[in-house]
Amino acid sequence: MEGEIRNFVIVWVSVYASLIYCYFIGEILQKGFTRFMAILPIVFLFLFLPLNLHSMHLGGATAFFIAWLANFKLLLYAAGKGPLSAEPSISLLRFLVVACLPIKIQQNRSRETSIKKQKSSVNYAVKALLLAMAVRSVDYGEQMHPKVILCVYSLIIYLSLELMLAVTGFLPRLLLGVELEAQFDEPYLSSSLQDFWGRRWNIMASNILRPTVYEPALWASSRVMSRKWAPIPAIFGTFVVSALMHELMFYYLGRVRPTWEITAFFLLHGGSLAAEVLLKKMLTGSRRLPRLISGPLTVAFVMATGFWLFFPQLLRCKADVRAFEEYAAVGGFLKKVVGMASKALNETRG
């Protein structure tokens, strides 16, 4: 574990050094092809750096933050678009934080936002408790039905991602003094696939795919078909890119050859979401399913297809075993630290 932490530090020192270079490239070069060519080596470097890490949490988070999010943000930055180009005179500190972390700064802060923030503290506390209970319940996995275990794993994945992204955003909030948008919005309350993927699940990934893939694809498709139907191929194209990026993330996690079930999962959802949007355009409001029915159907569809295509790939790369080993290692480390602190305190009193 000590070697992994050392590699983690080296990787992130390299990331920040590379982003400082990109920041000053942006100050010197105008947006366009020249800036793109100057940034392109950093994009390739960010694809390579996660290969130096092997843990689920440090390696997985780093791969998502830099190989996917940071790279897409840098490509937008080369074109003068995206969150790194939102402010004409962005500071170096804000550039570094926004580039490499899964955060989006809220432009308009209101009293309603502050109220939501106060509620979210309790929300996160409850979810942390649920995560601890879910992790503890895995010890009794031999007594559970396999489908129940998959439900527990899905709960652990959701809660771990939401809490990890919330903790990740805590330091930037302190450093920059700004309010950040939440990365999850209670996805189990989704009323449709469009609601789930576009507004509730991993919102940062949706926000970065929209300008990098969906909007260019929408522009291209609108050249050959009417504006009304142009979103359909754009939606499917976005899920194709998302599928490939998820395959890459799974490779970083397991270092095993892809079997393309993850791609099948996202292509299935891309086609289903495109069909859903198509039906919404064809049907009037009174002919659509009520939320009371569409909500449970959406969650059931996501979970059923996840059990079929998504979760088996996590088990294939032993994500569950490795994650719990890391939880145990962290618990042992904290127990050791508390023991040493207690011993030192007793010696001081003596």
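Analyst: Let us begin with burial: a residue is buried under 20% relative accessible area, exposed over 50%, and partly exposed in between, with a 1.4 Å probe and protein chains only. This is a predicted model, in which local features need pLDDT of at least 70 and side-chain atom pairs count only at pLDDT 80 or more, while totals for chains, interfaces and linings use all residues. Residues are numbered from 1 along each chain as its sequence is written, and side-chain values use heavy atoms, with hydrogens and water left out.

User: How is a pair of aromatic rings described, and how many aromatic pairs are there?

Analyst: A pair of aromatic rings is described by the distance of the centres and the angle of the planes. Rings of Phe, Tyr and Trp (its six-membered ring) pair if their centres lie within 6.5 Å, and planes under 30 degrees apart count as stacked, over 60 as edge-to-face and the rest as tilted. The count comes to 23 aromatic pairs. Among them is the edge-to-face pair of Tyr23 and Phe24, with 5.2 Å centre to centre and 85° between the planes. Tyr23 is buried at a relative accessible area of 10%, whereas Phe24, at 42%, is partly exposed.

User: Why is the pair of Tyr158 and Tyr188 edge-to-face?

Analyst: The planes of Tyr158 and Tyr188 stand at 75°, with the ring centres 6.3 Å apart, and therefore the pair is edge-to-face. Tyr158 is buried, with a relative accessible area of 8%, while Tyr188 counts as partly exposed at 47%.
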